[in-house]
Amino acid sequence: MKILYISPINTVGTLELWKQFHESNGHQCTYITLFKSPLGVDSGVCLNLPLVAHSNKMVALRRIYYKIIRGSKGEYKPKDGYPPISKPNSIFEKLYFQFRDWIWSYTIESIVNNMDLHSYDVYHLDWGLGLYRDARFVKQLKNKKIICTYHGQDLRTRGVIPDVDQKSNLNLTSELDLLSMHPNIHYLFLPIDTKKYDCNIKVNKTIRICHSPTNRYYKGSEYIIPACKQIELENENVEFVLIENKTQKETIEIKSKCDILIDQVEDRGGWGYGMSSVEAMAMGLCCATQMNNEYQEFIPNHPFININKNNIYEVLTDFVNKPNEKIEKQKQLSREWVEHTHDIQSVGNSLYDYYKQIKAI
C-alpha cells in the first residue's frame, strides 16, 4: 500500500514518525510539506512555497487584518457551524488565496507529475488541507481513501474546506473538544516513539519548573509565568525556565533537565495537553495542565497535575514542598502512562483499526 501525507508543515516531527511506522509494516510512505519547519525537524519533500505568513511582520499584519474583519478576538475567534465552514472573510482574502494558488501551481504541478502523486492509495491531509486552498488536487483523486487530521485552530477558527470535507473518508483529531465540532470525527492519541527518550525520575536538587509556549495567548502564559516566578523567588531550591523560540532539539534538551512542565490553563487553544506534555512525560517529567470535566472522564487515570489560572501557585508550591513524596512519584507515573497511551505502536495500531473501518486495508 502507498500512503501519502500532505501537510503545510511538519510541526513537531510526527510525519517522520508515521513514515517510519508505515514502512516498518511493509507499506510505502511519503510526506510532503508546503514550507519548512522553523523548529528544525525533517520537512520531508518540502515545496518551500511562498506567500506564507511566518515572519514576525507578516504574523502581526495578519492579526491586525483579522481584528478589523472579525472583531476584537480576531484570528482567535471560534467559528460557528457543525462543522464550521471555511470561507473568505472578504473579497481581498478571496483574491489573495486565488492568487496564491496560481503562484503555487507552477511548483505543485511539477511535483504532482514528477512524483506521480495520483498513484497513492491513502492520502492523509494534515490540517484538513491538500496542496491548494481551492482543493483542486483533492477533487482530482478518484477511488482513493482520504483521511483528514485536524489539530485545533484549523477547525475552530478556519473551518473545513467543503470540497475536502465532502471527499474525506475519515476525520481524525487529537484534540478532544473538536469531537463536538464535526458530525464525523474520531479521536487518535498523539504518537511518540518513547524508546528515543531517556527517562530520569530523580528530582533535581534545584527543582526546575519549565513552560514552553508556542503561543502565549493559547497557553494562558500570563497566569503561568507570574506564578512560577513567584515560586522561584520564594524558594532557593526552585528555578523557573521559560522555553521560547528554540528548535525542537534545543527544547527537548532543556526540558530533559527539568522536573515539572506547565502546559496550559484557560482552554483557549484546546483542552488538556499537547505534544509538549507528551515529550516531557516520555522523559520522566511530571506535567501540570488544566483538565476539565470532559477530559477527566475521557482519560480518568491520567497522571497530570490538574491546575487552573487561580490555583497554579498553591498547587505547585505543595509539590515543591514535597519533592520526594509528590514530584518523584508523579514522574514515574508519567513515563508509564505515556508508554501505554501514546507510544507509536499503540497509536499506530489504533490508526490501522480506522483503516479497516474505511476498507483502506
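Mentor: Let's start with a rule: a disulfide is a pair of cysteine sulfur atoms within 2.5 Å. Keep in mind that this is a predicted model.

Trainee: Happy to. By this rule, what does the disulfide count come to?

Mentor: The count is zero disulfides. Take Cys199: the closest cysteine sulfur belongs to Cys287 and is 11 Å away, so the gap is too far for a bond. For Cys228, the closest cysteine sulfur is in Cys210, at 9.1 Å, which is also too far for a bond.

Trainee: Is Cys228 buried or exposed? And where does Cys199 stand?

Mentor: Cys228 is buried, with a relative accessible area of 1%. Cys199 is partly exposed, at 36%.

Trainee: Now the overall fold. How many helices and strands does the chain have, and how do I judge its radius of gyration?

Mentor: There are 14 helices and twelve strands. For the radius, compare the chain with a compact globule of its length: with 361 residues such a globule would have a value near 21 Å, and the chain agrees because its own value is 21 Å. Along the principal axes, the C-alpha atoms fill a box of roughly 60 × 50 × 35 Å. Burial can be read as well: 53% of the 361 residues count as buried. As for contacts with a separation of 6 or more, 68% come from residues 24 or more positions apart.

Trainee: Which residues have the most contacts inside the largest nonpolar core?

Mentor: That core has 33 residues, and those with the most contacts inside it are Leu47, Ile108, Leu117, Tyr123, Leu125, Leu131 and Phe137. Next, look at the elements that give two or more residues to this core: β1 (2–7), α3 (91–114), β4 (122–126), α4 (136–140) and β5 (145–150). Of these, α3 gives the most, with four residues.

Trainee: What is Leu47 in contact with, leaving aside its neighbours within four places in sequence?

Mentor: Its partners are Ile32, Thr33, Leu34, Thr107, Ile108, Ile111 and Leu131.

Trainee: One last stop, a loop residue. Where is the place of Ser168?

Mentor: Ser168 is in the loop between α6 (162–167) and β6 (170–173). Ser168 is buried, with a relative accessible area of 12%. Its side chain is joined to that of Asn171 by a polar contact of 3.0 Å. Beyond its neighbours within four places in sequence, Ser168 is in contact with Ile146, Ile147 and Cys148.

Notes:
Residues are numbered from 1 along each chain as its sequence is written. This is a predicted model: local features need pLDDT of at least 70, side-chain atom pairs count only at pLDDT 80 or more; totals for chains, interfaces and linings use all residues. Side-chain values use heavy atoms; hydrogens and water are left out. Buried means under 20% relative accessible area, exposed over 50%, partly exposed in between (1.4 Å probe, protein chains only). A polar contact is a pair of N or O atoms within 3.5 Å; within protein, one must be able to donate a hydrogen and the other to accept it, and residues adjacent in sequence count only if both atoms are side-chain atoms. Contact means heavy atoms within 4.5 Å. A nonpolar core is a set of buried Ala, Val, Leu, Ile, Met, Phe, Trp, Tyr and Cys residues joined through side-chain atoms within 4.5 Å. The radius of gyration is taken over C-alpha atoms; the globule rule is 2.2 Å times the number of residues to the power 0.38.
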